Amino acid sequence: MQFHHHGYVSGDPRVQEAAGTGVDRPHELPEAMDVLVVGSGPAGMLLAAQMSQFPQISTRVIERREGRLERGQADGIQPRSVETFQAFGFAEQIVAEAFNIAYMNFWGPDPADPAKIVRTARTQDYALQISEFPHLIVNQARVLDYFADAAVRAPGRLVPDYGVEFLGLTVHESGEHPVEVRVRHVAGARSGQERTVRAKYVVGCDGARSGVREAIGRRHVGRFAAHAWGVMDVLVDTDFPDWRVKCAINSAAGNILHIPREGGYLSRMYIDLGEVPEGDNHEVRHTPLDEVIRRANQIMHPYSIDVRDVAWHSIYEVGHRVTDKFDDVLPGSDRPPRVFLTGDACHTHSAKAGQGMNVSMQDGFNLGWKLGHVLSGLSPASLLETYSAERMPVAQQLIDFDREWSALMARKPEEISDPQELARYYLGTAEFPSGFMTRYGASMIVADRSGTTVCEGFPVGKRFRSAPVSRVCDGNVVHLGHHARADGRWRVYVFADAQPPGAGSAVADWAAWAASPGSPLSRFTPPDADVDAVFDVKVIYQQRHEDVDVALVPDLFRPATGPLGLTDWEKVYAAGPSAWNDVDVFAERGVDRDGAVVLVRPDQYVAAVLPLPATDELTRFLDGVMIDRSTGHDPRTA
């Protein structure tokens, strides 16, 4: 963590100085704003934390509840989400609080006595095999708390407006704030009062029964499956030996997905309630809790649970639905979108794959920086068209995966020919549930990946996969990607050629070009901002850190930042072996020894990978994304 560059900090360094809308932030919901977020679930609160990093933009979050969520339904946190928490500054705290899934065990009918269950497989969880981040279980309410803390500590000091209900909206074709939104205060001194407010953009993060989705005429496409599950968070006394291990249990009486929760005692159980008869009309949702517990004991025989306390429970029917589009632009229209949908408002599925909260947060991460760039004048409004284009395929992949996983989980013993099949599927598909399978296609913010071979370990369109390197200024081994924060900046990782600093080299030539007034890094950075305000540029040398003379490193990688003009020493890294690190990122990620440039979007996805000499290609790419700040005009409209 870097601080003190704006002067000495004696308090919590995570609290950034208030700026813009964060200074004397109005307590009451104003009449007009730039962005109105409807709903304070995972996507909504991530958006709050992200938009609070753009304090010049007026953002408000409305929520019908009178205060914070106390009991969340979601609890599974995949490694990609923990990676995202790292960018927002709270991964370490939430990892310490959460339950870490180390194993998943599988149980099935005992061949000697099919009325009983036996353990059929023990598998290590996939997380740490494919990432440096773990697979966690923690209550959704705590995740929202952490994002709320990040939002209020950021310069925008964003706090949700609780007790405000969304009623409807109208999108007008013109006006500074073209989205007219009708709301009702349902708590506080203004309870019962209806108002109309206006926004430039509205984001619907308001769940499966989204009022925003209905207001813009979008439809959920899909259906409910004819299968019901009971779910409960319980404190029990039990003789089941794997109570503190994630388990898939299959028996003649049905199926259970059992997940230990944080705190050492609490667990969540998904209990198979069987097929839903045709014409049930959702009556299954009224199944008594006692019946759910009875089913659980029947499935677990010869083991049993004595439920001492139920923290939360519900009944749900598996549904797989995707909204027909994630924004309000109708076919044939050429205007940019004004209203967006995220999370359950645009995709719903079962909870057993542990994807709902995780995918919702990535929806918010994808959209947040784009809103920030457009409203800050860094990028054209056409950037916002990429949100629906990128996230709809991800949602469909999720539905397809969840449908297959749910079907496997719901099978009867006589339908299972191989007891190891579910375990193999769990491990064989690990990259998808972990959150690392997403790969965005070519667009204005993802380069065409054909013919890119200079960095095979950083695939274009996929999230930037970090690796340990040595920080030259102090010799500490750090993860290259962990230095990046969710601050709306692009990351430029410059992998040097084999020459050390001071010698004539390709990386020195690249740095001279990048620092020149005509380079895109210069043109797209506001003249009154820090040199790294838009592009955070880092260099990785191939030598050991002891062999890199930091005084000879180009000034571009040692910029003067902040009002005091202090040198940032933490942009220069070394890949050579050290006493604490035997991982060479060049070898680990297949980086060409002649050097390469990896351009990474603010949401951590690789936008382009280029050889060092390919400065014209980098210029053309960024010309398609950014607005020239040296003139204040978009060069494509000239």
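**Helix packing and local backbone geometry**

Proline 302 sits in the loop that links helix H7 (289-300) to strand S16 (305-323). Helices (H or I, at least four residues) and strands (E, at least two) are DSSP runs, numbered from the N terminus. The model is predicted: local features need pLDDT of at least 70 and side-chain atom pairs pLDDT 80 or more, while totals for chains, interfaces and linings use all residues. Residues are numbered from 1 along each chain as its sequence is written, and side-chain values use heavy atoms, without hydrogens or water.

The peptide bond between histidine 301 and proline 302 is cis. Its omega is about 15 degrees. Three further residues have a positive phi. Histidine 4 is one of them, at about 80 degrees, although this residue is not a glycine. Histidine 4 belongs to the segment before S1. Its relative accessible area is 33%, so histidine 4 is partly exposed (buried is under 20%, exposed over 50%, partly exposed in between, with a 1.4 Å probe and protein chains only). Glutamine 604 also is not a glycine and also has a positive phi of about 80 degrees. The loop between strand S26 (596-600) and strand S27 (606-610) holds glutamine 604. With a relative accessibility of 12%, glutamine 604 is buried.

Glycine 39 occupies the loop between strand S1 (32-38) and H1. Glycine 39 counts as buried because its relative accessibility is 8%. Its contacts (heavy atoms within 4.5 Å) are with Gly44, Val61, Ile62, Glu63 and Cys205, leaving aside neighbours within four places in sequence. Valine 454 lies 415 residues from glycine 39 in sequence. In space, the C-alpha atoms of glycine 39 and valine 454 are 43 Å apart.

Helix H5 (residues 140-153) has 14 residues. At 1.5 Å a residue, H5 should span 20 Å (1.5 Å times one less than the number of residues). The end C-alpha atoms of H5 are 20 Å apart, which agrees. H5 is mostly covered, with 10 of its 14 residues buried. These buried residues of H5 are Gln140, Ala141, Val143, Leu144, Asp145, Tyr146, Phe147, Ala150, Ala151 and Arg153. They pack against five elements of the structure: helix H1 (42-51), strand S3 (76-77), H2, helix H3 (91-97) and H8.

The packing of H1 on H5 can be described by angle and distance. The axes of H1 and H5 are 7 Å apart, at an angle of about 15 degrees (axes are lines fitted to C-alpha atoms, for helices over the stretch in contact, with angles from 0 to 180 degrees between N-to-C directions). H1 and H5 are therefore roughly parallel (roughly parallel is under 35 degrees, roughly antiparallel over 145, roughly perpendicular 65 to 115, and the rest oblique). From H1, the contact draws on Pro42, Met45, Leu46, Ala48 and Ala49. H5 contributes Gln140, Leu144, Phe147, Ala148, Ala150 and Ala151. The residues of the contact of H1 with H5 comprise 10 nonpolar, 1 polar and no charged (nonpolar: Ala, Val, Leu, Ile, Met, Phe, Trp, Tyr, Cys and Pro; charged: Asp, Glu, Lys and Arg; polar: the others, Gly among them).

H8 has 20 residues. From first C-alpha to last, H8 reaches 29 Å, close to the 28 Å expected at 1.5 Å a residue. Of the 20 residues of H8, 19 are buried, so H8 is largely enclosed by the rest of the structure.

H8 (residues 356-375) also packs with H2: their axes come within 10 Å and cross at roughly 40 degrees. The two helices H2 and H8 are therefore oblique to each other. On the H2 side, the contact involves Arg80, Ser81, Thr84, Phe85 and Phe88. These residues of H2 meet Asn358, Met361, Gln362 and Phe365 of H8. The residues of the contact of H2 with H8 divide into 4 nonpolar, 4 polar and 1 charged.

Glutamine 86 is another residue of helix H2 (residues 79-88). The relative accessible area of glutamine 86 is 17%, so this residue is buried. Not counting residues up to four places away in sequence, glutamine 86 touches Ala91, Phe133, His482 and Arg485.
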